[in-house]
Amino acid sequence: MIRLNDILDKVTSYNPGADLNLIRKAYVYCAKVHQGQTRLSGEPYLIHPLETGWILAELRLDVASVVTGLLHDTIEDTLTTHNELEGIFGKEVVMLVDGVTKISKIHFKTKEESQAENFRKMILAMSNDIRVILVKLADRLHNMRTLQYQPESKQRSIARETLDIYAPIANRLGISWIKTELEDLSLRYLNPQLYYDLAGKVAKRKQTRETYVEQVMQIIREKLDEHEIQGEVSGRSKHLYSIYKKMEDRNVDIDQIYDLVAIRVLVDSIRECYEVLGIIHSTWKPIPGRFKDYIAMPKGNMYQSLHTTVIGPDGERMEVQLRTAEMHRVAEAGIAAHWKYKEGKGYDEKDSKRFAWLRQLLEWQQELQDSREFMDTVKIDLFSDEVYVFTPRGDVKDFPKGATPIDFAFSVHTDIGFRCVGAKVNGKLVPLKYELQTGDIVEVITSPHHTPSKDWLKVVKTSKARNKIRSWIRTEERNRSIHLGREICEKDFRRYSQNFAKLQKSGDIRRAAVEFGFTVEDDLMAAIGYGKLTSHQIFSKLFPTEHLEERQERKESRLTKVMERLTGKSASAIQISGIEDVMVRFGKCCNPVPGDDVVGFITRGRGVTVHTRDCTFARESDPERRVDVTWNRAKGSVMPVRIKVSCHDEKGILAHITLAITNSEANIASATVQSTVDKRGVNLFEVEVTDLDHLKRVINQIMKVKGVIQVERLKG
């Protein structure tokens with residue numbers, strides 16, 4: 001258990017002039033306001049802020065950050081007020097505590113929307129002071145270390161959020177040890193059987209692995225001595241989550257993962273990094289394509305190192321990392337190693353490049369009104385592996401893996417992206433869907449009359465390109481809908497012997513728009529073009545009902561009339577806001593089931609199509625065509641959903657899986673079974689469930705079957 005003196009000693013070790021009295025005062029205040037509060041473990045609540053403060057001290061942060069770690073829950077969980085805290089600890093600490101606090105005064109419709117909006121607030125808080133997110137990471141890390149005391153359902157949701165958001169942020173900030181621990185802890189709760197299976201297998205090999213690592217390290221030390229190079233050599237086994245990802249990516253078992261050892265060599269200069277690289281490659285055979293030079297081309301978080309994979313002793317693959325001591329400090333502490341704390345000055349402008357990605361996030365949060373869309377944008381940016389390409393002038397640009405020339409064009413300028421018709425890579429013409437490779441020299445070809453294509457959304461990888469293309473498409477679709485709305489009104493008003501153009505000039509149409517809740521006339525025309533309103537509804541606002549008798553049959557909406565000509569009625573499982581008797585279809589791209597957060601899209605001539613809100617189609621479609629839909633809980637219909645079950649290829653396991661499904665009161669509509677060469681089974685089932693909770697019960701029952709590795713819902 002961490003004590004106050006541990007924190008004070010740690011802070012003194014790297015900051016001898018620190019104001020320890022402020023930390024002591026924060027500890028006393030924290031103990032007072034949290035007195036009587038306990039955690040789910042039964043321990044005093046004070047343990048959590050102490051552990052958070054210790055993690056921040058391990059990051060070698062300033063006194064204000066450590067104090068914030070001690071006080072970060074005071075406003076949320078006690079009767080403490082902003083004014084009281086500011087009076088005791090000052091504006092800086094209050095600003096940091098306020099940035100970290102988890103209180104949300106806004107009530108959101110769904111948990112997903114709340115999470116997205118909270119993350120958006122977190123990004124905004126980071127814009128004022130990056131220390132806010134460092135304290136938040138420390139808070140989350142200790143919560144993950146004690147997650148076993150939470151209910152199982154909460155364990156999974158917190159672990160999923162940690163893996164989706166906090167671990168990638170730690171990685172983006174360059175704090176590798178926090179990122180690694182968060183990933184391993186998340187895996188422990190998201191897939192406990194796999195986690196403990198891996199941990200057991202790694203533990204069995206521990207002695208053999210340690211002996212091997214020591215042998216390799218001794219060889220490298222001797223080689224350094226021969227060349228009179230001073231260096232520090234260390235070795236380790238890779239962490240469980242990275243092993244798990246290798247197994248997933250290569251679809252193999254742990255016995256077929258060979259590069260489980262990483263050796264690190266720290267030297268005094270960049271020149272010696274390359275010298276040692278030559279020594280390593282002359283000692284062991286390098287594996288082609290496995291060398292990465294992050295010194296010449298640093299990662300976006302300014303991580304620098306040389307990485308190479310070689311065939312080591314006994315024919316085993318091993319990764320070797322070469323860096324200077326300063327590079328190592330940055331690799332471990334990340335952004336915390338560069339944050340220059342000065343009274344009222346913030347960070348050193350010399351390090352501004354390190355914060356470029358953060359400024360990019362801030363621009364996106366201002367541009368994107370939809371919280372979920374912003375969340376999707378952030379995930380793309382945080383998760384991406386990077387490739388490095390050159391402009392014709394020799395400047396280096398980094399992109400997520402799989403990026404295309406279109407991404408490159410938008411990175412140069414938005415107008416270049418809009419006008420992009422082709423590209424040359426290394427002097428040769430390539431298709432726009434070509435995936436950029438590290439070292440490519442890219443030149444964009446433009447045309448002044450060219451415009452973006454909706455198909456580009458299928459191939460671009462960067463958030464900037466995706467957002468700009470979406471924005472352009474929405475603007476174009478809106479313009480077309482405005483034009484169509486005017487045409488419909490002009491045509492229908494003539495049937496009532498009214499001149500639509502005169503009504504526009506007189507201001508009558510604008511007044512009608514206001515009555516319908518629109519700020520400008522174009523919004524009203526767009527609504528008609530999209531099929532959300534009819535010209536009849538506008539006419540009835542402007543004229544007495546006697547003018548409409550001859551057209552009484554037009555009272556029904558244009559969309560509803562179209563639907564009546566189609567077979568089928570509204571799906572009983574779905575209720576549509578403001579529309580009745582409309583044919584409803586369910587998107588085959590996402591297969592929604594009752595309980596999913598869903599949205600409907602008006603499709604001309606085909607009714608309303610229902611998608612899950614996180615479906616790619618839903619995210620990329622025009623928001624003007626969306627309608628609110630809800631599940632009709634009174635209806636007990638069943639919905640088909642596809643699941644993929646990965647398991648060990650063992651005798652009788654398929655029978656146990658199907659029994660688990662039927663015991664969960666779910667019908668199996670179809671099944672496909674396949675064995676792989678590495679003794680694994682891949683089983684695809686289409687099961688019929690009543691709602692999302694039913695599906696979760698089915699998945700949980702399957703996960704309990706011995707030999708099952710993973711169960712996932714397929715949405716495509």
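Which residue in S20 does Ser 670 stand opposite? In S20, Ser 670 stands opposite Glu 686. The points below cover the model, then its sheets, then its helix pairs.

1. Basis. This is a predicted model, in which local features need pLDDT of at least 70 and side-chain atom pairs count only at pLDDT 80 or more, while totals for chains, interfaces and linings use all residues. Residues are numbered from 1 along each chain as its sequence is written, and side-chain values use heavy atoms, with hydrogens and water left out.

2. Overall content. The protein chain has 29 helices and 21 strands; helices (H or I, at least four residues) and strands (E, at least two) are DSSP runs, numbered from the N terminus. Of its 716 residues, 49% count as buried, where buried means under 20% relative accessible area, exposed over 50%, and partly exposed in between (1.4 Å probe, protein chains only). Among the contacts in the protein chain with a separation of 6 or more, 66% come from residues 24 or more positions apart; a contact means heavy atoms within 4.5 Å.

3. The four-stranded sheet. Four strands make an open, antiparallel sheet in the order S19-S20-S18-S21. Strands count as paired if DSSP finds at least two bridges between them. At the edges are S19 (667-675) and S21 (708-714), each pairing on one side only. On average, neighbouring strands of this sheet are turned by 20° against each other, direction ignored. S19 and S20 (residues 680-689) run antiparallel and are joined by eight bridges.

4. The helix on that sheet. Helix H28 (residues 653-663) lies across S18 (639-648), S19, S20 and S21. Its direction is at about 20° to S20. Axes here are lines fitted to C-alpha atoms, for helices over the stretch in contact, and angles run from 0 to 180 degrees between N-to-C directions.

5. The three-stranded sheet. A second open sheet has three strands in the order S10-S9-S11, with antiparallel pairing. S10 (428-430) and S11 (442-446) are the edge strands, each pairing on one side only. S9 (residues 420-425) pairs with S10 in the antiparallel sense over three bridges, and Val 425 has Lys 428 in S10 as its bridge partner. Helix H19 (residues 405-412) lies across S9, S10 and S11 and runs at about 80° to S11.

6. Helices H21 and H25. Two packed helices are described by the angle between their axes and the distance between the axes. For H21 (residues 463-495) and H25 (residues 535-542), the angle is about 60° and the axes are 10 Å apart. The two are therefore oblique to each other; angles under 35 degrees count as roughly parallel, over 145 as roughly antiparallel, 65 to 115 as roughly perpendicular and the rest as oblique. H21 contributes Ile 488, Cys 489, Asp 492 and Phe 493 to the contact, and H25 contributes Ser 535, Ile 538, Phe 539 and Leu 542. These residues divide into six nonpolar, one polar and one charged. Ala, Val, Leu, Ile, Met, Phe, Trp, Tyr, Cys and Pro count as nonpolar, Asp, Glu, Lys and Arg as charged, and the others, Gly among them, as polar.

7. Helices H2 and H6. The axes of H2 (residues 20-33) and H6 (residues 82-89) come within 11 Å and cross at roughly 150°, and the helices are therefore roughly antiparallel to each other. Leu 22, Lys 25, Ala 26 and Tyr 29 of H2 meet Glu 84, Leu 85, Ile 88 and Phe 89 of H6. This contact has six nonpolar, no polar and two charged residues.
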